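Keep the viewer open as you read.

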Amino acid sequence: MPEIKIVTEVAGRVCATPVQVGGTIADGDEIVIVEAMKMELPVLSPASGTITSLLVKLDDVVAEGQAVAIVAC
């Protein structure tokens with residue numbers, strides 16, 4: 001199975017992680033929510049699959065372009 005790294009497009013603080021490792025997701029599902037400049041911005045999955053690794057946790061600070069999860073398609 002190919003794996004896809006899901007990255008955030010903004011720097012900020014992880015304020016929610018609505019998925020769990022082993023969970024099944026669909027194209028466009030929210031993987032994490034990042035708070036940046038008092039706005040909550042979802043990081044969406046570009047494909048359907050299974051979350052094999054969640055690379056961040058609640059309250060982590062992330063940089064623009066940082067991988068937040070890995071999905072097996």
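Predicted model: local features only at pLDDT ≥ 70, side-chain atom pairs only at ≥ 80, totals over all residues.

Residues are numbered from 1 along each chain as its sequence is written, and side-chain values use heavy atoms, with hydrogens and water left out.

Begin with the strands. Strands here are DSSP runs of E, at least two residues long, numbered from the N terminus. Two strands pair if DSSP finds at least two bridges between them.

Strand 6 (residues 49–54) runs antiparallel to strand 3, and two bridges join them. Ile 25 has Gly 49 as its bridge partner in strand 6. Thr 24 is partnered there by Thr 50. On to strand 8: four bridges join this strand to strand 6, again antiparallel. Look for Ile 51, which stands opposite Val 71 of strand 8.

Another open sheet has the order 5-4-2-7. Four strands form it, with antiparallel pairing. Strand 5 (39–44) and strand 7 (61–62) stand at its edges with a single partner strand each, so one side of each has no neighbour in the sheet. Strand 4 and strand 5 are paired over six bridges in the antiparallel sense. Ala 36 faces Met 39 of strand 5 across this pairing.

Turn to the nonpolar side chains. In soluble globular proteins, nonpolar side chains tend to be buried together. A nonpolar core is a set of buried Ala, Val, Leu, Ile, Met, Phe, Trp, Tyr and Cys residues joined through side-chain atoms within 4.5 Å. Buried means under 20% relative accessible area, exposed means over 50%, and partly exposed lies in between (1.4 Å probe, protein chains only). The largest core in this model has 14 residues, and Ile 31, Val 32 and Val 68 have the most contacts inside it. Strand 4 (30–36) and strand 8 (67–72) each supply at least two residues of this core.

Which residues does Val 32 contact, leaving aside its neighbours within four places in sequence? With contact meaning heavy atoms within 4.5 Å, the list is Ala 16, Thr 17, Pro 18, Leu 41, Pro 42, Val 43, Leu 54, Val 56 and Val 68.

Follow one of these partners, Ala 16. Ala 16 sits in strand 2 (residues 12–16). Its relative accessible area is 25%, so Ala 16 counts as partly exposed. Beyond four places in sequence, Ala 16 is in contact with Val 32, Ile 33 and Leu 58. Between Ala 16 and Pro 42 there are 9.1 Å in space, C-alpha to C-alpha, and the two are 26 residues apart in sequence.

Last come the charges. A salt bridge puts a side-chain nitrogen of Lys or Arg within 4 Å of a carboxyl oxygen of Asp or Glu. The whole structure has three of them. Arg 13 forms one with Glu 35, where the closest N and O atoms are 2.5 Å apart. Glu 35 belongs to strand 4 and Arg 13 to strand 2, so this pair ties together parts 22 residues apart in sequence. Arg 13 also meets Asp 59 in a salt bridge, at 2.5 Å from N to O. Asp 59 lies in the loop between strand 6 and strand 7, so its bridge to Arg 13 in strand 2 ties together parts 46 residues apart in sequence. Glu 35 is partly exposed at 29% relative accessibility, and Arg 13 is partly exposed at 30%.

Lys 57 and Asp 60 form a further salt bridge, with 3.2 Å between the closest N and O atoms. Lys 57 is exposed, with a relative accessible area of 54%. Asp 60 lies in the loop between strand 6 and strand 7. Not counting residues up to four places away in sequence, Asp 60 touches Gly 12, Arg 13 and Val 14.
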